[in-house]
Amino acid sequence: MPIPFRGGVARVFALALLLILFTGVQAGAANGNSTRIDGDKPERTADSIGQIWAARADDISAIVANSSDLQAYAESLAGPLAADVQSARANFTRLSSLYHASRGHPTEQLTLVEQMRNQRKRLKARMAPLEDIAGVIAGRLGEIDALQKDMNDIDRQNREEGVDVRASTPEADGLKSHGRVLADARRALSPAVARLEGILAPGRLTLERFDRTVADIEAGLVSVWENYYLTASDNSLDAVFSIPALLTDWVTSLGPRTSFAWPQSGREWGDAFKSFFLAAVFMAALGFFALRGGRTLPRRWRHAVEGVIKSSWIWAGIGLSILTASTNRHGGIYFAFSLAGCLIIIAGVAALSWRLRVAVAPSLEDKPSPLARLYPPAAIGVLMLFSDLPTRILGFVWGLVMLVFVVMIFSMNRSHKSEGDLPLLERFSYGCAFWFGIALLLVAAFGYARLAILVFMLLFALVNTIILANAVMALFNLLVDRFFDKKAQPVRNAVAQALSVPLAWVLSLLCTLPWVWAVPGAYYLAGHAMEANYTVGDASFDISRVLFIVLLFFLARSFITLGSTSLEHLPERVPSFERGVIPPLRNLLTYGLWALFGIFALGMLGVNFTSLAVVAGGLSVGIGFGMQNIFNNLVSGLLLIFGRTILVGDYVEVAGAAGTVREISIRSTTIETPERAVVYVPNSSIMSGQFVNWTRNSRVVRRSLNIGIAYGADTALAAKLLLEAARDQAHVLPFPKPAVFFNNFGDSALDFTLNVFIDDFDNVTSALSELRFTVERLFDQHGVDIPFPQLTLHMQDKAAPALPGGAPADMEKNAATSGTGDANA
């Protein structure tokens, strides 16, 4: 049956209809009989208004009748619902009593939470039809109230405008009749709503009790789990003799505690199998496409991918399928399915990690996996925690497991030391496993076997995460180089390489989720650790903030890599951009981004910058005196960078050092001498002293070659040969032209100077050397002598007669001392 006047549209329609009717009433009262031009019009208007009121009254009557039918149907459901509520209350009382009796057993409390949630869902499902009926009738009552309010507003408006509402007119009579119909409808619906609320009240109260109790249990589970792992067992002699009784009690209570560990009916088993089948098909399809994609990789990685798909992926797929089947139709979890799925997934992930690791380090092909050695003790420990063995029995069994594990790891370490070819990561893993095994054996001996199992699982997860992250980073580097060539796409390659590190760690950490789900209570403890607030001095932080800061660190690193790579290749896109400016800009970008990251990280940690500013202000004076040279170098470095007086690649002479500028940092300038020595010159020394920049204007440099020829040689020919030698040199520029100058009449030679312009400063030494070889060859071919200095010595004996020349005749000797004539003298 259609229900009229539902929602806001019906209210607007009814209000507009009433306004139109009363507008006509007011117009008739104001104009008298002047509006009655047509004698039939009033009768037709009155008839139409009456029909409208009659139709509205019929609709409201239909609403009341339909609501009465709904109320009758609700009454038929009230009896069964009262029985269900009574049963739910009885179950709540029983479960609450069990909760108070099992405050120290978190596994039992989890079972109670699951039972309470199931009871609540059943009761809520029984109450759903009555809730729907109550909602429908309450909504209709609200619509009636809204129409009544609209009529009251119109009546109040007419009274304020002086309209006589008591006058007997068709419009007024219809309005009054409609008001009586609304009042009757309200009187009929209000008791129905109250009755339904009374029927539903006990059920709602029971639901609230379930919700409140479940919330209280879950709120206290963290502390219960902490006590569960941190409470020591009694290892005295009397306690040992009581083990048989404890074992008997444990076997007796095992059935009720595991009643929700797996499906309890054929329908539930069918649903679980259906979920398992669908998930298995999906995982098989993913494995098929991954196998096809892996065939495009290099040979080593192709074999690794094929091994992963054919073994590790199968185990992981089976585990994920079982984990998917562990969710029942009520939203609960089958704990046995969940545990089995997690353990199988852990086996698959561990095998995956080791296969990828072998692909990175092929020398490990025939070596045993440390993860395979960690898996059996971890699986045994988790199964014992799941079964909730008594702590005395648990400690004894776990001690034996750790003893066997330590002996096995010790023997493997000895064999690996004798071979001596195990990589560092694996040696670290085996070493940690050995010493942790001894420590956990002692922990179990002191009664903390549960804590020992928890720590062992953490060790297992940590080793797997490190091995997997290392392998995934290597795989990502391979894929990045494959898709983004370093030469063709350097920027994308650098950014992808920088992002591959955090992505590899995030994926590796996500793979630790099966470890968290497998260990009882680890989910609650991990959540509590993530939300707990830690305070160190003025800094306040939690694990989530620390992880976010780590993520920001890698993002900042990626942005720095992006900026540095873009600046490095900027001259290729903008030829006018000087390459010497790139290192300073890269340094400023690096320092600026790291400074922003540091400020943001300190802000997230809750560091008070006001107090830091006060401390910095107090230390500024002392720091200013003690570090004035450092700040002087910083300012000088900024002036050099932005003033561009010296650029990277310039050849300078400064502070007694001559060489090529390799780097201009904020603190100092690095100069490499021709002897390959590296000189670090403080920036303040450059700015405050005098320096020579040979290549500031251009890399082209002029050099002079001084040559002397013998007296009597052809000077014109010598000048011609010098110019010819200059033209034959590849590094000598044809313009400006080489020039030869006759400088002087020397003591032993006629001195010439050859001025040439060399194309690059780096070629000066080689160009001048080749030029000297060429000049010597040309002069030798054309008979132009290069003289050497000569000296005549006169020696005189006092007993001998003097000769006219002033020297004894028998003692006069002409001695000539010869040396090499340096053409560069």
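This is a predicted model: local features need pLDDT of at least 70, side-chain atom pairs count only at pLDDT 80 or more; totals for chains, interfaces and linings use all residues.
Residues are numbered from 1 along each chain as its sequence is written, and side-chain values use heavy atoms, with hydrogens and water left out.

Student: Glad to start with the overall picture: how many helices and strands are in the chain?
Tutor: Helices (H or I, at least four residues) and strands (E, at least two) are DSSP runs, numbered from the N terminus. Of the 825 residues, 39% count as buried, where buried means under 20% relative accessible area, exposed over 50% and partly exposed in between (1.4 Å probe, protein chains only). The chain has 24 helices and 10 strands.

Student: At roughly what angle do the axes of α10 and α13 cross?
Tutor: Axes are lines fitted to C-alpha atoms, for helices over the stretch in contact, and angles run from 0 to 180 degrees between N-to-C directions. Helix α10 covers residues 370-387 and helix α13 residues 449-483, and their axes come within 9 Å. The axes cross at roughly 145°.

Student: How do the residues of that contact of α10 with α13 divide by type?
Tutor: Contact means heavy atoms within 4.5 Å. The residues involved include L374, Y375 and A378 of α10 and F456, F460 and V463 of α13. Ala, Val, Leu, Ile, Met, Phe, Trp, Tyr, Cys and Pro count as nonpolar, Asp, Glu, Lys and Arg as charged, and the others, Gly among them, as polar. The contact divides into 15 nonpolar, 2 polar and 1 charged.

Student: Which element gives the largest share of the lining of the second largest pocket?
Tutor: On a 1 Å grid over the protein atoms alone, a pocket is an open set of points with protein on both sides within 12 Å along at least five of seven lines, and lining residues have an atom within 4 Å of a point. About 1100 Å³ of space lies in this pocket; among its 31 lining residues, the closest to the centre are L509, T512, V516, A526 and M530. The lining divides into 28 nonpolar, 3 polar and no charged residues. The largest share, 8 residues, comes from α13.

Student: Is S338 buried or exposed?
Tutor: S338 is found in helix α9 (residues 335-360). Leaving aside neighbours within four places in sequence, S338 is in contact with L323, S326 and I333. Because its relative accessibility is 10%, S338 counts as buried.

Student: And R676, buried or exposed?
Tutor: R676 sits in the loop between β5 (668-672) and β6 (678-682). This residue has a positive phi of about 70° although it is not a glycine. Its relative accessibility is 62%, so R676 counts as exposed.

Definitions and conventions:
On a 1 Å grid over the protein atoms alone, a cavity is a set of points where a 1.4 Å probe fits but cannot get out, and a pocket is an open set with protein on both sides within 12 Å along at least five of seven lines; lining residues have an atom within 4 Å of a point. Grid points are joined across faces, edges and corners, and a volume is the space filled by probe spheres set on the points.
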